[in-house]
Amino acid sequence: MLQEEVILGARALGDQIVNIMPTYQIMLKQLDEIREAVHQVNVSQRNHVSKVQVYNNTVGIFGPRGAGKTSALYTLRNDLNEKSSVIFPLIEPDNFGENTKIIGSIVGFMKKEGESLLEKLKKERLTEDQKEDLSDYFNAGVYKPNNKLKQVINETIEYHLYTESQYRNILSQHYEDLAAYIKNSSRVLSPDIAFKEKLNEFIEEIIRVKQVLDLPKEPVLIFIFIDDIDLKTSKTRELMEALLKYTDHPNIVTVLSGDYDILLESLTLSLLADEPLREIGLEAYDSLEALDQPYKEIRNDTSKLLTIMERKSELAHEYLKKIIPSARRHQLVKWNTGTIPYFSFGQYYLMDRMAQLMGDRSIFNYIAFNDSTTNKNKQDVYLPIKNSYGVFDERPRGLVYAYYNLVQLLNDIESHSTNLFRAVKAFVDTLILSNTKLLRQQQWLFEQFLQWGGNEQSTYINYSAKHTDEEELDLPIFIVAEIVKKLLPNVRYEETAFQTSKVKLFEKYIRGYNKGNIFSYSYSYSNEYRLYLLMRGLVLHTDVPAAMLMLEKLSESIYDPYYYEYIWDNERRDKDQFVVKCITQILEQYPLIFEPLYYKAQYDKNYEINTALNILHDLCNVPAEVEVTERIFEGILRNSVFSKTTNLVKDKEIKRTLFINNLTRIRNKQPVELTKNKRRDLESNMMILVKDSHHNLANGLVRILKKISEYPAIELPKSVTQTIEEDMEKFSYYLLGKLMERDIKVYIELAGSTQQVLDNFEDGYAGKSKTTRYRECKDIVTMHLKKEKKSILLKFNEYNELLSSLEELASNVYAWYGRIEARNLYNALQYSSIIAERDTNNPEYSRDSFFTGNDILILGLYYQYYTSTREFSEEQNYEHAKASIRRNLDKTFRSVRRQSELELHEFDLLLEEIEE
C-alpha cells in the first residue's frame, strides 16, 4: 500500500510547490536580491554615504479561489531562515471588522516581536561581544528594564493612536492649561509623518537587537504576509495606502496573495467611490470630458471618449504597478487535464493512485514502455489518458478533497472493508461535489443519472437520462459512471442505452471535437474517408479503456482533422503514418484488441468493424517503395486531375496506384548520377529529344544537375526550385490527362513474391463444400490469370473486375475461408501491376509504352534532381509497425476461425455451413 499523509486545507507544500508555482525559485532569488540590497544600504551607512531612496519590497502571489495561494504563503514562511527573518503570522483582511486597521495589525505583530526580543535579552546568557554591542540595554552587566526597545514599542503604539481620529479628538479636548493644550495639539498636526518616523525607528531597533542576538550571516528582513487581499473591498484601498505610506523600509518585505482581477475590481470600485457622480449628474460609463464641452459633438461621438470607469480602471492598473512591481508578481498555474494527473502530496502522483484503484491499463492511464524516468520505488511508470482527468476539479482545493477520499477508499480496499460500497460512494460523490463544473449539475446527476441505492445491486445508472446542453460535461459524466461500474460491478444499467451513449459521445472525439470538416456519416463515404472509418470502427466497438487510449492518441495529432478525404489530401501519407503509429501504441497496451472485434464482425455481421479491419489491413500492405515514390512525385500526384469531379472514386484510385507503380519502375531504373558524357549528349540533343512544350523543364533539370555535379554543396535559390516545381505541375496535367482519357491496359508480371502469393491463393483450403465463396473467387482468378503465363495483359475493366472479386472475398463477413489469401493477392496485384498499351509497330505489348521517351527522360531527370537536393529514407519504424499489425490481424483471424471450427466440430457441424 502506498502510504502518505493527506491534509485537508492549506499547508506547506515543500518541493511540491513548483507544481502550482513554477516561479517559486525565482521568488526566492528575488528575496535574496532584497537582502543584498539591504547589505549595500548598510555598507553605505557605515561609509557615511547618504542615499535618498524609497524601497518597494512587495511580492505578489496571484491565482483564482482554491488555486493554492495560502499554501504558497505557508511554504515560503516554512522555507525562510528564522535567524535572519522576522516572520509575522498571516494577516487575513476578510477577518477584520470595520474598525480594525491593517497597519494596526502590523504594529501589534511588531510589538509582540519586540517583547519576545526583550525576554531573550533578559533570560539568555550573552557573550561579552553581544553585551558590548547592546551596551545601552545593560548597566554594569545587569539588564535595564527601561530600555530603548521598550520605549520605542510604547511610543510607536502611541503615535499610531494619533493617526486615529477618535483618539485625536480625545487628546485635543483634555488639557490642564494652555501649555498642555499646545503640546497635545502639536502631536496631531501631522500624525502620519510622525507615526512613520517612529515606526521606522521601531523597525531599526528590532533589526539591530535581533542581528546581535541571533548572529545571522545575512541582513535581517521582516516579512509581512497578507492573504486574500481581494476578498474585502472595503479593506483593499486601506491596504494599498498603508503599503505606500508605511512599508517602504529596505528591511520590510510584504508578501500579498489574491485574485488579481478581483483585486483590480475592488480598487476600481474604491476609486469610483471617491467621485460625486450623482451630484454632477454622471454615470460610471459617462465621460468627464462631457462636462467641459457639453454642447459640442463630442457628447455624441462616444468612440473618442474614455468613460469614468475606463479611467478609474486604468488608474487602478497603474496604482497596482506602483504597489506590486510586475516583475515580482507570481501567477499560480491553472490546473488542467494535462497537469492534474501529476498532482501529488509527496512522491506519488494522482495518476499512480488511480492506477492502483482502476488497474495498470484503464480509462485513466497506461504503462510507459522504455521509459527512462527514474523509479525509486520500482513501480510501473504510467502515462495519463488526459481526457479522463476532466472528472477532477481544476483547482487544488477540489483536487485535495477528491485525493483525500481516494486514499481512504484505497485503504478500505486493502483492508477488505465490508463497507466498500460506502467508500466508493463517498469518493464518487466527492468527485462530483468538488468539481466546480459538475457541481452545477449535481441535482440532475444524483436524481436522474446516478441513482444511488442502499447497496450496489440497488444502484442504477440511467444512461437514457437527458441533461443540459453543456456538452463539455458529457465526458466527465461518462467517466463518473465508468468508475462506478469498475468498482461496483453489480450496479444496474441498460446495455443498449450505454452503447448509444458511448457512440454519441465518442463520435465527437473521433471526428475532432468542435473542429471543422465535419460531415454527415454514411457508408457512401466509405471510399472517401477511410481513416475516419478505420478509427470509428475501432473506437466505437472496443472496450472503453482501449477506446479512451485511442482517443488520447488521436488528440495528439498535429493535423486538423487527422483523417482525410481519401486521395485528395496533401498530407495523406503523414496522416496514414500517424494513425498506424497510434494503433501500434494501442497494441502495445492491448495485444488482444482485434480478437473481440473479429468475433463481432463475423458473428454479429457488423459491417462497420469489418470495414475498419479491412482498411487497416490495406493500409499496412502499402510497400515502402510506393510511399517513397509518392513522396518524391507528390507535386504530380496532388494534381487537380485527381480532384473529386466524378463519382468514379474507386476507378481513380486504382489508376492512381498503377501510375505510382509506373513511376516506381522508372525511378528504380535510373542511374545514381548522370555521367559527364551522358550529360553532354543530353545537352546537345535536348532540342531533338524534347520537342514539345516541356523542353524548358528538361533543359532546366539538366543545367541544375550539371551545377550540382560541379558544386555538390551548392544551395539552389528558391526562385529556381519554385520554377521547377511549377513546371512539373504543368507537366503533370499532361501526364494525368493521358491517364484519365485513355482506355488503359494493365500489365501484370507473375514472378517472385507475386507468383508465390498467387500460388498460396490457389492452393489454400476452401472447405469441403464446392459452393464456398473462396471457390467462386478462385474461378474468377483462374480465368484472368493463366498459371502457365509469366506475364498477363488485361483491359482496365478486366483488371478492375479481378481486384473487385478479391476485395469482395477478403471483406466478406459471411466468408471464413480464403479471406487472408484473397487480401494478400489483392495487395500483391495492386502494387506489382503497371499501365501498358499496345505498340502499333510491335505485335507484343510493351509494358512501359504508356510513357513516351520524353516523359521517361523528364521523370528520370526530376528523380535525380530530387535525390540530389534532398535527403530522404524509408521509415523503418513505420514499416516494422505495419508488418507487426498485418501479422497481428492475420494471426487473430486464424485464431478466431480455428476456435469456431473447434466449437462446431463438437456438434458435427462444418464452418462452411455458416457461409451457406
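Predicted model: local features only at pLDDT ≥ 70, side-chain atom pairs only at ≥ 80, totals over all residues.
Helices are taken here as DSSP runs of H or I of at least four residues, numbered from the N terminus.

A search of the whole structure identified 3 cavities of 30 Å³ or more. The largest cavity has a volume of about 100 Å³. Three helices, namely helix 26 (607-619), helix 36 (819-832) and helix 38 (876-905), each contribute at least two residues to the lining of this largest cavity. The lining consists of Tyr 598, Leu 613, Asn 614, His 617, Ala 810, Arg 819, Ile 820, Arg 823, Asp 890 and Phe 893. By residue class, the lining of the largest cavity comprises 5 nonpolar, 2 polar and 3 charged residues.

The search for disulfides returned 0.

Helix 31 covers residues 695-710 and contains 16 residues. Buried positions in helix 31 include His 695, Leu 697, Ala 698, Gly 700 and Leu 701. Val 702, Ile 704, Leu 705 and Ile 708 of helix 31 are also buried.

Side chains of opposite charge can pair when their charged atoms come close. In total, the structure holds 32 salt bridges. One of them joins Glu 155 to Lys 198, with 2.8 Å between the closest N and O atoms. Glu 155 belongs to helix 6 (residues 148-162) and Lys 198 to helix 9 (residues 191-214), so this pair ties together parts that are 43 residues apart in sequence. Glu 155 is partly exposed, at a relative accessible area of 29%, whereas Lys 198 is buried, at 13%.

A further salt bridge, between Lys 210 and Asp 214, has an N to O distance of 2.6 Å. Because Lys 210 and Asp 214 are 4 residues apart in helix 9, about one helical turn separates them. Both Lys 210 and Asp 214 are buried.

In the salt bridge between Lys 575 and Glu 571, the N to O distance is 3.9 Å. Lys 575 is buried, with a relative accessible area of 3%, while Glu 571 is partly exposed, at 35%. Finally, a network of salt bridges links Asp 136, Lys 148, Glu 205 and Arg 208.

Definitions and conventions
Residues numbered from 1 in each chain as written. Heavy atoms only, no water. 1 Å grid on protein atoms, 1.4 Å probe; cavity = no way out; pocket = protein on both sides within 12 Å on 5 of 7 lines; lining within 4 Å. Points joined across faces, edges and corners; volume = space filled by probe spheres on them. Nonpolar A, V, L, I, M, F, W, Y, C, P; charged D, E, K, R; others polar. Disulfide = S-S within 2.5 Å. Expected span 1.5 Å × (residues − 1). Buried < 20%, exposed > 50% of the residue type's maximum accessible area, 1.4 Å probe, protein only. Salt bridge = Lys/Arg side-chain N within 4 Å of Asp/Glu carboxyl O.
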